[in-house]
Amino acid sequence: MRPALFFGTRSGVSANRFNEQSLVTPARLTISYQTLASRSPLQHTHSTLFTKYHNHPFPFKALNLPGKKFNNHLFFLRTTAQRFSTTVSSSLPSPPHPSTVNPTIATMNGSNLTPSVRTKRKEPPHALDARHPKHHRANGDLDTSGGENTPDRPDDSFIEPEYEEPDDKLAALLPAGPDTAEWQETIQRVVRNVVSIRFCQTCSFDTDPALTSEATGFVVDAERGYILTNRHVVGSGPFWGYCVFDNHEEVDAYPVYRDPVHDFGILKFDPKAIKYMPVEALQLRPDLAKVGIEIRVVGNDAGEKLSILSGVISRLDRNAPEYGEGYSDFNTCYYQASAAASGGSSGSPVVDIDGYAVALQAGGRSDGASTDYFLPLDRPLRALKCLQEGNPITRGDIQTQFVLKPFDECRRLGLTPEWEAQVREKFPKETNMLVAEIILPGGPSHKKIEEGDVLIKVNGEMLTQFIRLDDILDSSVGGTVKLLVLRGGDEVEVEVEVGDLHKITPDRFVSVAGGSFHELSYQQARLYGVACKGVYVCEAGGSWRFESSECGWLIQTVDHKKTPDLDTFIDVLKGIPDKSRVVVTYKHLRDLHTLNTTIIFVDRHWAKKMKLAVRNDKTGLWDFTNLADPLPPIPPVPTKARFIQLEHTSHPAVADLVRSFVHVQCTLPVKLDGFPKNRKWGMGLVVDAEKGLVVISRAIVPYDLCDISITIADSIVVEGKVVFLHPLQNYAIIQYDPKLVEAPVLSAKLGNEQISQGASTYFIGYNRIGRIVHAATTVTESFAVTIPANSGAPRYRAVNFDAITVDTSLSGQCGSGVLVAQDGTVQALWLTYLGERSHSTHRDEEYHLGLATPTLLPVLKQIQDGIVPKLRMLPVELRAVQMLQARLMGVSEEWIEKVSVANTAHHQLFMVTKCTCERVEEKEAPALLEGDIILTLNGSMITRISDLDVMYANEFLDAVIVRERQELKLKLPTVAADDVETHRAISFCGAIIHRPHHAVRQQISELFSEVYVSARTRGSPAYQYGLAPTNFITHVNNKPTPDLESFLAAVVRIPDNTYFRMRAVTFDSVPWMVTMKKNEHYFPTVELIKDPEEETGWRRVTYEGGGKVVQGEGEDGVVPVPGDAADMDVDVDV
């Protein structure tokens, strides 16, 4: 018996280049991590680039972690002991990539199960310690906060069909010394056929989330350019990638076949593109796989390092491993070996010493055991021959999952001694038989085969192995087979129709109103044991973002019409006008007993086209077709409603205020300005019922590229629009059409006096579930507050304001409300303030605080008079300093005495803590500097934040300040506040790019360019090549790009599917160069421009191949899967 070799990719070094010095300084690195809890011990072994960059990718953004805590944050996953027999390097070892530092771990598809989840899979006999994962799939959901778009997941439970002991005894048989000359010769011959595959799955589809990853493959037909790899690498949906050969030649590759069930797929490349090395094919010889043969794991780390691990094949009859929710192979046996292959080795060949491929690496354990799983090559060999001969690859199935069970268990299920004797006589080396495990309802085997049936014969032929069963079913598509089974000891013979496996494997999807849908796949149906039919939500975005953030929904009805299949679903959606609100019912695959009902707002104006994508195996692309343009919205009509009555209050004026509250929901179709969520809701206060003016927190309405729905009296829904966004004080003013509302809406009376500490007031708020709560209370404090800046992804935050707190526990439960006097006068708004991202919980902190109403009155008066407020402001951030600090910084005793007289409640002045980085044309001298203490502005003492309101109406301010213990008089220029909002954005290669918004300029000291990366899409080129949020792009192909105009002009000239260079600078001033490949098919270049003439207020321009300009939406392009702004992006290279 000859030993065997195993070739694969070992993780550790990404395709991206980086600066080695960028990894060693604690002040320049921050790491988000999760506790390694119960994880599925089985993992696929391709390596997912899913590590969240803060401002780099190279190096990380500085968060100035304390040195004593740095070691707690920085640790490596690559700690699993691996038995190396030999290491052969094709290049010098590279330092570890930053993505290897992130210890976040996920199961193969990023979905997590809680122990309470019902599942049809057995668990191991006891909990296993987590180990370096063999496969890491990212779901977008691994993260941590992004709100509805990036839901949090609980820890995984174990899911595994069986449990086996490690193969340590067989591993001990391996030779300890160097390889023989014969092995070395085989290695040199084989390695040139092994390739590193770097790819994107560009959108969520079936069991696969949108992701960026790398894996391994090997050439099986050098003349035609066929590469064999895993199905979980090729994926079931859109794929975009390339291969790197051993000599670092790169060639594009695309899928020509992915098996519906088994874990193999075939890529095609152009052999003529490989010019500097001969390409040979490995011959597939599944007949040479034997128990006990020695193997070597040869890893190709992204084409940079070649390493060899040793192992022994210990089993040929293991059931296919289960990886939890998501893709898993079934109805086949697997080989088991001890090799300890690491991430990136998916798709590696297992070859014998003669260079024949005997198996395909697929997965392994992640719990410390060095066990790997190989797929037999019988079915891949058949598929390859069909491709070579130009024949269709038929795949038959009866929608039944069989598993291998040993004779002793089969006896308990009804295997009789007579049949056992016959089976043992015919197959003397076999110890297992096939037993029915899952029969899908409504399938060909339903009510014919039952769980626990022991399979004896198929078409009169006795069999015990999957390979022969596959042969029979694949050759019987459209026909029938006769099965003889033992059921509780009784012989039962049934005739079953053989279906076409390709027909129950989706090869198309439709995208409409921000979501994507396809027919329920056989994979999903088998996983949950449900009928293989229904409309599956593969991307629950846009209008289809249900209350629960889970995936796995089946649409039952839309607008009271049943949608049993995708074609019916399409027909129903075609007839629904834009901006309609329709009832949708849906179920979850895990719980088909529960029917969920919701009402969705159909958005056909931000994404107007209903796109059908169909897989094309000849080109490897998915072809897009526009099925229907949107129907115009139905004009709204006036609606009547009554408000509820507030009970148990002794003040009628307070009770009447319930008529001033409206429910506001804001949906954001595109992520701008670093905002972390796609949908927010809160309660707004009507301040002018005649004009329909409502004030709301900017944590709810962050910018005006949005849809706003205003619900009045829990009955009337009207559309809203943004009228004003305050640059500093955390409120927005929105407007609805009051003619559509026939309800007694009350204009809230806003107080013009500051509420003071200790004053009695009445708190009215809305809790987290939207219920009104109220209580009499007192003001505990009114003070200047500094909301912490979000270091990873700058986004809007209130600065330079006084916050009010009250003495009631309700204040912490409510994000919206008011403080009101007994006569019904609103003294303060109760608002939600968006804060920093917590590095321990990975959630966005929110603060609930009061804002006194007098500060709103000047702005509101202008809007009521039809004037657009043109505010001006000092470009600084201030914080209060007490007299002790002020004295030490040079404030005279005379000024300190004046302060004590001017403000008896708080003896304080204000110091400049941060100067906003203004654009060059806005910089004027003199200006405030960090550390300056402001004494007066225009002759008035500044001892309260409200005293700063003088700046809003003045182009220049006469100031008296203290700087470096010197008292100075300056004429300070203010800056226009109407230029701080984003008015233009570009989507390029999956990255959202716009001018650095106000929050960026508040936190940075120098603008490197006006081209700022705000967010990126999962599965996009930006994700694959590491262009991270908070990067500034300064050059494209060596041409300077100081602004969006020059950037757009440079990128539209780049041909599709070609490389280009971009020079970028991280947020912490580190320049780096990235090479990217453009992809216009899935990620076209789109420009969004604010335009009041447009219905939505924004205009879309698409730039297609050759610079062709299309007004509106182009034909191609997938629904973007929101990646998160900087600190929410996670990539993992495992």
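Q: Where is Leu 857 found?
A: Leu 857 sits in helix 13, residues 857-864. Helices here are DSSP runs of H or I with at least four residues, strands are E runs of at least two, and both are numbered from the N terminus.

Q: Before going on, what kind of model is this?
A: This is a predicted model, where local features need pLDDT of at least 70, side-chain atom pairs count only at pLDDT 80 or more, and totals for chains, interfaces and linings use all residues. Residues are numbered from 1 along each chain as its sequence is written, and side-chain values use heavy atoms, with hydrogens and water left out.

Q: What is Leu 857 in contact with?
A: Leaving aside neighbours within four places in sequence, Leu 857 is in contact with Leu 750, Gly 751 and Asn 752. Contact means heavy atoms within 4.5 Å.

Q: How far apart are Leu 857 and Gly 751?
A: They are 106 residues apart in sequence, and 8.7 Å apart in space, C-alpha to C-alpha.

Q: New topic: aromatics. How many aromatic pairs?
A: The structure holds 24. Rings of Phe, Tyr and Trp (its six-membered ring) pair if their centres lie within 6.5 Å; planes under 30 degrees apart are stacked, over 60 edge-to-face, the rest tilted.

Q: Why is the pair Phe 330 and Tyr 522 called edge-to-face?
A: The ring centres are 5.5 Å apart and the planes are at 75°, so the pair is edge-to-face.

Q: Which parts of the chain does that pair link?
A: Distant ones, 192 residues apart. Phe 330 is in the loop between strand 12 (306-319) and strand 13 (333-338), and Tyr 522 is in helix 9 (residues 522-528). Phe 330 is buried at 1% relative accessibility. Tyr 522 is buried too, at 2%.

Q: And Phe 546 with Tyr 586: what sort of pair?
A: Stacked, with 4.0 Å centre to centre and 5° between the planes. Phe 546 is in the loop between strand 27 (535-539) and strand 28 (553-558), while Tyr 586 is in strand 30 (residues 581-588). Phe 546 is buried at 4%, and Tyr 586 is buried at 5%.

Q: Which residues form one aromatic cluster?
A: Phe 1008, Tyr 1012, Phe 1032 and Phe 1067.

Q: What lies over the face of Tyr 796?
A: Arg 698, at 4.0 Å from the ring centre. Likewise, Arg 1016 lies over the face of Tyr 1023, at 4.1 Å. A charge sits over a ring if NZ of Lys or CZ of Arg is within 6 Å of the ring centre and within 35 degrees of the ring normal.

Q: Switching to Ser 816. Where does Ser 816 lie?
A: In strand 46, residues 816-820. Ser 816 is buried, with 9% relative accessible area.

Q: Which residue has its backbone nitrogen 3.0 Å from a polar atom of the Ser 816 side chain?
A: Met 683. Ser 816 is also in contact with residues beyond four places in sequence, including Ile 764, Tyr 766 and Trp 830.

Q: Last one: how do strand 36 and strand 37 pair?
A: Strand 36 (residues 679-688) and strand 37 (residues 693-697) pair in the antiparallel sense over three bridges. Pairing needs at least two DSSP bridges between the strands. Val 686 stands opposite Val 694 in strand 37.

Technical notes. Buried means under 20% relative accessible area, exposed over 50%, partly exposed in between (1.4 Å probe, protein chains only). A polar contact is a pair of N or O atoms within 3.5 Å; within protein, one must be able to donate a hydrogen and the other to accept it, and residues adjacent in sequence count only if both atoms are side-chain atoms.
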